[in-house]
Amino acid sequence: MSAPRITAVADGSAAERFGLRVGDELLAINGSVPKDVIEYQMLVDEPELSLDVRRDAVVLELDVHKPAGAPLGAQVDSALFDRVRTCDNHCEFCFIYQLPPGLRPSLYMKDDDYRLSFLYGNFTTLTRFTEADLERVVTERLSPLNVSIHATDPDVRAAMLRNRRGATSLRWLRALLDHGIEVNGQVVVCPGVNDGDVLEDTLAGVADEYPELASVCVVPLGVSRHTSEPRLRPHTAAEAAAVVEAVHEWQAINQRILGRRLVFAADEYYLLGGVGFPGPEAYEGFGMHEDGVGMATTLQMEFMGQAVGVTGTQAGFFAWVEGAPAAGYRAPRADGSTPVGLRPRRGAPTAVVTGEYGAAVLAPLVASLGRDDVRVVAVENQFFGGTTAVAGLLVGADIARTLAGEPEGHRYLLPDVCLSQGMFLDGTRPGDLPRPVEVVATDGAALKEALGG
C-alpha cells in the first residue's frame with residue numbers, strides 16, 4: 001500500500017498554517033493509515049490531527065488544530081492508496097478487452113471496486129464484494145452505488161460474466177437495498193445473448209426482486225474493431241427499436257405497480273432504432289444522466305434555455321484512472337473552457353466538433369438558430385471503429401484527421417467530455433491538433449453561450 005502524497009496545499013488553509021508541503025507523504029492520521037480518499041476525508045474532518053509525514057526520507061510529526069469539519073486544505077494524489085480491486089470477470093462485451101495496443105497502461109486497468117463506484121460512478125458486478133465491504137458501505141453510508149445486473153437469471157448472468165460467482169453475487173444487491181443504500185442498476189444488452197425473452201425476464205426480475213433500485217439503465221454493448229469475440233455484433237435498427245419498446249412497456253407496468261418508471265433506455269438506443277426521444281417528464285429527474293440516459297433531451301432543453309436541474313459531471317468511461325478528484329468525489333474531466341492556441345478572429349465561422357451520435361443530436365439544434373456561420377462537424381471514430389460513436393471516446397488522432405480537412409481561421413468548439421486531465425485517450429492533447437480549438441463544457445447552455453446565443 002502506498003502512502004497518499006500531497007499534491008496541492010490551499011493558501012490560508014490549516015494544512016499551510018501547520019506546515020504541510022506539496023510532496024509530503026501522509027503515513028498516518030491520528031494513528032490510522034487511510035486506505036482510500038474516503039477514509040482520508042473522514043479522518044481529516046477531526047479538529048485535532050496528529051500527522052505522521054515523510055518528507056525527503058525524514059519522518060516528521062505535525063500537529064494540526066482546526067474547527068471540526070473544516071477542510072484540511074490538502075489535496076492528495078490518488079483515490080485509492082491500497083490496491084485497486086481488479087475485476088476477475090471475463091465478459092466478452094467488456095470494452096477494456098476491445099482497446100487497441102499501445103495506450104497508456106492506466107487505461108487497461110479493469111476494476112470491480114465498490115469504492116470507485118461511489119467515487120466516480122463506475123459500475124461493479126459485486127462478484128468480489130464481501131461481508132466486510134457490506135459492513136463498511138452500510139456503516140459509512142457510501143451511497144449511491146452503481147451495479148451491473150445484465151441478467152437476473154443466475155445462469156445467464158454467470159455465463160455473461162464468465163464467472164460462476166455471477167450466479168450468486170446479486171445477493172449483495174439485495175443486502176444493499178435492505179440496508180437502505182441507494183443503488184442504480186445497469187443492463188448491457190448483447191444481441192442474441194440477453195435481449196428478447198431474456199431481457200423481458202430481466203426487466204420482470206428487476207421489478208419483482210429489486211423494486212427499491214433508484215433506476216436501471218438499459219444500454220447497448222459497444223463493439224470496437226479490435227474485438228476478438230466471435231459472438232459480438234452491433235444491434236440492428238430493428239433490434240434497437242425492440243429494446244426501446246420493451247423498456248417502454250415495462251415503464252408502463254412499473255408506473256402502475258411502483259408509481260415510477262424505474263427502467264430507462266440509453267439515448268443510443270433511440271438513435272440506433274430511429275425512435276424519437278420521449279419528453280423530459282419521461283426521465284423522472286434525469287437520475288441516470290451520467291450514464292447516457294436523457295443526455296440528448298437535457299442538452300436540447302439547456303440549449304433552448306429551459307431549466308433542467310441536472311447536477312454533477314459526466315464521469316466518462318475512463319474518468320477515474322488518471323487520479324483522485326480534487327475534492328474527493330466525482331472529478332470533472334477537464335479544466336473548463338480554456339481556448340487552446342490562438343483564438344480566430346471575431347465573427348469567424350464556427351464549427352461544433354463532436355462524435356457521430358452527438359452530431360445527430362446537435363445538427364437540428366444548430367439548424368434552429370437559422371445561422372449560416374455555424375455548422376456541426378461529425379468525427380468518425382476510426383481509432384476504436386465498430387459502433388463507437390460517442391463524443392466521450394473521441395481521440396486526438398481522429399479529431400486531427402477531421403480538422404486537417406477543415407478551413408483555417410474558423411472557430412472550432414470541442415466538448416470537454418473528450419478530455420481527461422487535458423488529454424485525449426490516445427495520449428495527445430488539444431495543442432497537438434492542426435487547428436486551434438476551444439474546449440467547451442458538455443452542456444447545451446455552455447454551447448449556446450459559446451455560439452453567442
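The model is predicted.

- Gly305 follows α10 and has a positive phi, near 80°.

**α10 against α11**

- Two packed helices are described by the angle between their axes and by the distance between those axes.
- For α10 and α11, the angle is about 20° and the axes are 10 Å apart.
- Angles under 35 degrees count as roughly parallel, and α10 and α11 are therefore roughly parallel to each other.
- The crossing of α10 and α11 is right-handed.
- On the α10 side, the contact is made by Ala296, Leu299, Gln300 and Phe303. On the α11 side, Val361, Leu362 and Leu365 take part.
- By class, the residues of the contact of α10 with α11 are six nonpolar, one polar and no charged.

**α4 against α6**

- Helix α4 covers residues 131–140 and helix α6 covers residues 170–178. They pack at an angle of about 25°, and their axes are 11 Å apart.
- α4 and α6 are therefore roughly parallel to each other.
- α4 passes α6 in a right-handed crossing.
- From α4, the residues Glu131, Leu134 and Val137 meet Trp172, Ala175 and Leu176 of α6.
- The residues of the contact of α4 with α6 comprise five nonpolar, no polar and one charged. Glu counts as charged, and Glu131 is in this contact.

- The loop between α4 and β7 (145–148) contains Pro144.
- Ser143 and Pro144 are joined by a cis peptide bond, with omega about 5°.
- Arg141 is found in the loop between α4 and β7.
- Arg141 has a positive phi, near 55°, in a residue other than glycine.
- Arg141 counts as partly exposed, at 42% relative accessibility.

**The β3–β4 loop**

- Ala57 lies in the loop between β3 (48–55) and β4 (58–65).
- The phi of Ala57 is positive, near 70°, in a residue other than glycine.
- Ala57 is exposed, with a relative accessible area of 74%.

**Cysteines**

- How many disulfides does the structure hold? It holds zero disulfides.
- A disulfide is a covalent bond between the sulfur atoms of two cysteines.
- The cut-off for a disulfide is sulfur atoms within 2.5 Å.
- Is Cys190 buried or exposed? Cys190 counts as buried, at 2% relative accessibility.
- Cys418 also counts as buried, at 1% relative accessibility.

Key. Residues are numbered from 1 along each chain as its sequence is written. This is a predicted model: local features need pLDDT of at least 70, side-chain atom pairs count only at pLDDT 80 or more; totals for chains, interfaces and linings use all residues. Side-chain values use heavy atoms; hydrogens and water are left out. Axes are lines fitted to C-alpha atoms, for helices over the stretch in contact, and angles run from 0 to 180 degrees between N-to-C directions. Helices (H or I, at least four residues) and strands (E, at least two) are DSSP runs, numbered from the N terminus. Angles under 35 degrees count as roughly parallel, over 145 as roughly antiparallel, 65 to 115 as roughly perpendicular and the rest as oblique. A crossing is left-handed if the near helix is turned anticlockwise from the far one by less than a right angle, and right-handed if clockwise. Contact means heavy atoms within 4.5 Å. Buried means under 20% relative accessible area, exposed over 50%, partly exposed in between (1.4 Å probe, protein chains only).
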